[in-house]
Amino acid sequence: AGGHGGEKVLGGLLGSRGTDELVVGEADGDVTLVCRNVSLGMVKVDWFHGEPGSIPILFSSDGKLPTDARFSLVGNSSLHILGLRLQDEGNYTCKEVLNRTDHMHRIQLFVASGPSRVNVSIFPTTPLPNGTLYAKKHDVLNFTCSSDSRPEPTTEWDFSQPNSTHELFATVNSSLGYFVLHNMLPSYQGNYSCSATNPLSHRRVTVTREVLIYYPPPAPPRCWAETSTGDPGGVQLFCSWPGGYPHPTLQWKTHPNLSWAINTTAAEDSAVAVLSGSHLLRGKAFTCHGSHLVDPEGSRACTVQLGESSKGPEISSDPMRSCFVGRASTLTCQLTAGNPPARVTWLRNLSQPETEIRSGGRFLIKQTGNSSILSIQNCSHALDAGYYVCKAENPLGLRVTYTYLVVTEPVNIAGIVGVVVVLLLVGILIVSGVLLYAGPHWCPKGKSHLEQRFPNRVPQNPRVLQKPQKSNLK
């Protein structure tokens, strides 16, 4: 691209039709103009800055010194110029004097300058001490690049990330390159380079600026307390504020009126403070303050309250549970209060309160949220009946609750159902026999339906004798 641009510029600057050669030199550099096709018997060569006859001789090989010390002859024929200046640009002619025969060679010299003073501006951004710039997420950034060059340079903007290829944004044949990026996202973070190239000399100057995209965490910080792993009597305060770039600054503080002193600062996504002396911590409130470089004044905070002033953890459980021999039963212990969260363990019987029940064999302990569930498989009256102790303990106190497990023989439901069915069948048979034995003699009181319709009908039962009626004959 630079070569084609240079040829185009050279063609545009070509002024003299009789020019035999085009030469490009750089300002403050040096150049040699060769007088070509000179004869072997050449006696003298004269150099002119222009067309011979219209201007005086610039330099001659006859031994006379030039008026400008920057000019000298090479090989008694070529003109060498040191410290090129812009005014040195133009047409040069070398004229050979041989036996009164004049031979001339015309050269057009172009003096290229720059690019220099390449200035890059990315706005709005904030510089870091190492020169890196950062912008806020979703900002609109204006990219401007300017330079000094003669002739006008080719200005290019490109973007690259680590281990990726360059992506060209814009190219203009001007000393000013400008473009805008809207809604800056983390994927736009990387190196932005402006390159200015002189189309004649092909000299290229590149200035690169690294741009980082900063953004705070999307949600407020979260605080919680846990029992210290290294000190069972101590408390660890955790503060977490992830999701931002770069890491926020987190600081744990106590209330100004409290005598307890804590001042822990960390430039990470989380900060941990370790406290000891649990008897002094009950009821105390500790606050974690978070700030981010993008919005240093918009501090976020979360607070941890370490239980109440006189209470440790609180738990509840069922006072009694039952289990059939050979079956399974579950005992549940619910942690209702306590900060930091208490460690819940199961113990067996009051006679051995320190014998902790472990998961394994017939016992399975499962922690679900604030609930601890003890499952007992294949219940045995001799081994499993009795009291079970649920113990909750944190550095601020200890609580226990009791559950009594009753183990009984299972009831034979099938046998009971069978007896009931048999009794029902016997009852049905007795009622059926009574009805069959009574036969037609059993009849409900009142007239039958036929008697109501035919009141003068004589019954046909042969065992009923009709009473003879008296005769009217005498």
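Me: What makes Met320, Tyr387, Leu398, Val400, Tyr402 and Tyr404 a nonpolar patch on the surface?

Reply: Together these residues have about 550 Å² of accessible area, a value from the Shrake-Rupley method with a 1.4 Å probe, where only the protein chains shown count as cover for residues. A patch takes residues with over 30% relative accessible area and no salt bridge, nonpolar side chains (Val, Leu, Ile, Met, Phe, Trp, Tyr) being joined within 5 Å. The structure is a predicted model, in which local features need pLDDT of at least 70 and side-chain atom pairs count only at pLDDT 80 or more, while totals for chains, interfaces and linings use all residues. Residues are numbered from 1 along each chain as its sequence is written, and side-chain values use heavy atoms, without hydrogens and water.

Me: Which strand gives the most to the nonpolar patch?

Reply: Strand S31 (residues 397-408) does, with 4 residues; a strand is a DSSP run of E with at least two residues, and a helix one of H or I with at least four, numbered from the N terminus. Tyrosine 387 sits in strand S30 (residues 386-394).

Me: Why is tyrosine 387 called partly exposed?

Reply: Buried means under 20% relative accessible area, exposed over 50%, and partly exposed in between (1.4 Å probe, protein chains only). Tyrosine 387 has 40%, so the term is partly exposed.

Me: How do you know that arginine 399 forms a salt bridge with glutamate 314?

Reply: A salt bridge needs a side-chain nitrogen of Lys or Arg within 4 Å of a carboxyl oxygen of Asp or Glu. The closest N and O atoms of arginine 399 and glutamate 314 are 3.9 Å apart, so the pair counts.

Me: What makes aspartate 384 and arginine 362 a salt bridge?

Reply: Their closest N and O atoms are 2.8 Å apart, so the pair meets the cut-off. Aspartate 384 is in helix H2 (residues 381-384), and arginine 362 is in the loop between strand S27 (343-348) and strand S28 (363-368), 22 residues apart.

Me: Is aspartate 384 buried or exposed?

Reply: Aspartate 384 has 1% relative accessibility, so it counts as buried. Arginine 362, at 26%, counts as partly exposed.

Me: Why does glutamate 156 count as buried?

Reply: Its relative accessibility is 19%, so it falls under the limit for buried. Glutamate 156 forms a salt bridge with arginine 204, the closest N and O atoms being 3.1 Å apart.

Methods: Patches are made of residues with over 30% relative accessible area and no salt bridge: like charges are joined within 9 Å, nonpolar side chains (Val, Leu, Ile, Met, Phe, Trp, Tyr) within 5 Å.
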